[in-house]
Amino acid sequence: MALRNIVKVGDPILNKTSRKVEKFDDRLATLIDDMFETLYKENGVGLAAVQVGILKRVVVIDVGEGPMELVNPEITLKEGEQREQEGCLSLPGKWGTTVRPMKVQVKAQDRNGKWQVFTGEGLKARAFCHELDHLDGILFTSHVVDGVVEA
């Protein structure tokens with residue numbers, strides 16, 4: 001495993017749409033392992049492959065309930081609403097209040113291509129939405145309702 005450099009705001013790759021993963025191989029497994037190592041070092045709760053410079057539909061999340069790897073994820077259900085502070089490893093020191101669904105269900109593959117379904121409420125739902133937005137070139141700042149502030 002290896003640490004990856006996190007791409008920061010201003011890099012045009014963050015505004016690009018990530019490609020579907022077609023090959024489930026050792027390179028994908030290494031990417032996922034590296035992403036988890038980077039996530040934990042940076043004390044984050046989620047990381048999308050585009051944030052480490054790879055335009056693939058891969059996300060890792062750990063909100064304190066254990067690691068989740070999501071390959072080719074799709075949101076299949078959104079319920080309710082929450083307004084909470086949100087930040088991003090690609091925008092260090094910047095925070096804003098966002099409006100996100102309170103409950104989200106996601107269908108995704110794992111590193112071996114097996115489909116799984118995840119359901120999250122609160123922080124986990126927000127992390128799902130935030131990271132999946134990254135896969136479509138969308139930053140959390142587009143959901144901020146009260147302006148982005150410096151920490």
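Colleagues, I begin with aspartate 110, which is buried yet has no salt bridge. The nearest side chain of opposite charge belongs to lysine 114, and it is 5.9 Å away. A salt bridge would require a side-chain nitrogen of Lys or Arg within 4 Å of a carboxyl oxygen of Asp or Glu. Please bear in mind that we are looking at a predicted model.

Where does aspartate 110 sit? Its position is the loop between strand E6 (103–109) and strand E7 (115–121). A polar atom of the aspartate 110 side chain lies 2.8 Å from the backbone nitrogen of asparagine 112.

I turn now to backbone geometry. Most residues other than glycine have a negative phi. Asparagine 43 is not a glycine, and yet its phi is positive, at about 60°. Asparagine 72 is likewise a residue other than glycine, with a positive phi near 55°.

Are these two asparagines buried or exposed? Asparagine 43, in the loop between H1 and strand E1 (46–48), counts as exposed because its relative accessibility is 69%. Asparagine 72 is placed in strand E3, residues 68–79. With a relative accessibility of 5%, asparagine 72 therefore counts as buried.

Finally, the surface charge. Which residues gather in a patch of positive charge on the surface? They are Arg19, Lys23, Arg27 and Lys56. Among them, arginine 19 belongs to the segment before helix H1 (26–41). Arginine 19 has a relative accessible area of 54%, so this residue is classed as exposed.

Thank you for your attention.

Terms used
Residues numbered from 1 in each chain as written. Predicted model: local features only at pLDDT ≥ 70, side-chain atom pairs only at ≥ 80, totals over all residues. Heavy atoms only, no water. Patch = residues over 30% accessible without salt bridge, like charges linked within 9 Å, V, L, I, M, F, W, Y side chains within 5 Å. Areas by Shrake-Rupley, 256 points an atom, 1.4 Å probe, with all protein chains shown as cover. Lys, Arg positive; Asp, Glu negative; His and termini not counted. Charge placed at Lys NZ, Arg CZ, Asp CG, Glu CD. Helix = DSSP H or I, 4+ residues; strand = E, 2+ residues; numbered from the N terminus. Buried < 20%, exposed > 50% of the residue type's maximum accessible area, 1.4 Å probe, protein only. Polar contact = N/O pair within 3.5 Å; in protein donor to acceptor, adjacent residues only side chain to side chain.
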